[in-house]
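Look at the fold below before you read on. The report takes the helices, then the sheet, then the confidence of the model.

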Amino acid sequence: MSRHDLIAYTYALVLADSNKYKNVIDDSIKILKEKINNKEQYNYSIHYYDGLDDKAIFTQMLIDYSFDSSYVSERIMELYGHDWSSYYYSTKTKNDAFLAFAKYIETYGKDNLNTLKLTLNGKSKQIQIGEEQNSYKTIVPLSEVLENDQVSLQIENKKGTPFFVTASIHSYPADPLKVPSYSNGVQIKREIYEVTDATKLQEKCNWSNGNRTCTQASGLTLHNSDTFKK
């Protein structure tokens with residue numbers, strides 16, 4: 001049986017009755033722990049699945065089976081280390097990996113207590129994650145943390161299991177009411193001219209990139225002008 005088929009078969013047993021089929025599941029996991037790192041099995045396959053997708057599905061199965069959390073964390077960290085913005089990975093592989101992340105957070109997020117130290121441009125604070133909250137988010141004015149046009153951020157895991165950090169910097173006005181209307185929009189101006197003397201049109205007209213561009217020549221008279229904003 002191939003690695004992919006064995007994962008699917010074992011996962012079905014986990015979902016059907018993990019207690020009834022415990023011996024078979026445990027034996028399969030022992031085999032899969034060796035097969036999962038075998039780069040010769042479907043890592044560059046023409047099939048819709050690949051080696052990384054197998055690892056993601058295998059990790060999901062371990063979480064649903066309540067397998068050893070330390071081993072599960074290792075698999076999660078391995079998945080998390082990939083650049084998921086890359087077009088190289090299929091949509092299915094990305095979906096299975098992110099489903100594994102979601103299952104991991106839901107299952108283990110509140111069971112473990114993490115203490116982390118956050119240092120933002122020299123100012124530090126300790127934060128605990130777990131139990132009541134399994135994530136931390138803060139919003140600070142950019143002007144308070146900007147030094148020499150740079151922001152310094154350091155995260156230190158003081159105690160607990162591995163955790164994931166995402167830093168996002170956005171710039172927006174402190175008072176949106178002070179932003180002029182259409183400052184980020186588009187303005188289109190339309191002018192319609194009436195030709196009063198065709199012999200004088202060539203005086204200030206020329207061809208540029210296949211288009212005729214003209215300033216208002218003496219042979220033209222402005223007939224109508226509209227401005228559109230969006």
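## Helices α3 and α5

The crossing of α3 and α5 is left-handed; that is, the near helix is turned anticlockwise from the far one by less than a right angle, while clockwise would be right-handed. The contact brings together Leu-52, Asp-53, Ala-56, Ile-57, Thr-59, Gln-60, Ile-63 and Asp-64 of α3 with residues of α5, including Lys-92, Asp-96, Leu-99, Lys-103 and Tyr-108. Contact means heavy atoms within 4.5 Å. By class, nine residues are nonpolar, four polar and five charged. Ala, Val, Leu, Ile, Met, Phe, Trp, Tyr, Cys and Pro count as nonpolar, Asp, Glu, Lys and Arg as charged, and the others, Gly among them, as polar.

The axes of α3 and α5 (residues 91-108) come within 8 Å and cross at roughly 25°. Axes are lines fitted to C-alpha atoms, for helices over the stretch in contact, and angles run from 0 to 180 degrees between N-to-C directions. α3 and α5 are therefore roughly parallel. Angles under 35 degrees count as roughly parallel, over 145 as roughly antiparallel, 65 to 115 as roughly perpendicular and the rest as oblique.

## How the model is read

This is a predicted model: local features need pLDDT of at least 70, side-chain atom pairs count only at pLDDT 80 or more, and totals for chains, interfaces and linings use all residues. Residues are numbered from 1 along each chain as its sequence is written, and side-chain values use heavy atoms, leaving out hydrogens and water. Helices (H or I, at least four residues) and strands (E, at least two) are DSSP runs, numbered from the N terminus.

## Helix α1 and its partners

Helix α1 covers residues 3-17 and helix α3 residues 51-64; their axes come within 10 Å and cross at roughly 20°. α1 and α3 are therefore roughly parallel. Their crossing is left-handed. Ile-7, Tyr-11 and Val-14 of α1 are among the contact residues, as are Ile-57, Phe-58 and Met-61 of α3. This contact divides into seven nonpolar, four polar and three charged residues.

What angle do α1 and α2 make? Their axes cross at roughly 150° and come within 10 Å. α1 and α2 are therefore roughly antiparallel. This crossing, too, is left-handed. From α1, the contact includes Leu-6, Ile-7 and Leu-13; from α2, it includes Val-24, Ile-31 and Lys-35. Nine of the contact residues are nonpolar, two polar and two charged.

## The sheet

Three strands form an open sheet in the order β2-β1-β3, with antiparallel pairing. Strands pair if DSSP finds at least two bridges between them. Why is one side of β2 and of β3 left without a neighbour in the sheet? β2 (123-129) and β3 (153-159) stand at the edges, so each has a single partner strand. On average, neighbouring strands are turned by 20° against each other, direction ignored.

Seven bridges join β1 to β2. Thr-119 stands opposite Ser-124 in β2. Two residues lie between the strands in the hairpin of β1 and β2, where Asn-121 takes a positive phi near 50°. On the other pairing, six bridges join β1 (residues 114-120) to β3. There, Lys-117 stands opposite Glu-156.

## Confidence

The chain averages a pLDDT of 77, and 70% of the residues score at least 70. pLDDT is the predictor's confidence in each residue, from 0 to 100. Over residues 42-48 it stays under 50; the model has 14 contacts beyond four places in sequence for them. Where pLDDT is low, the predicted coordinates should not be read in detail.
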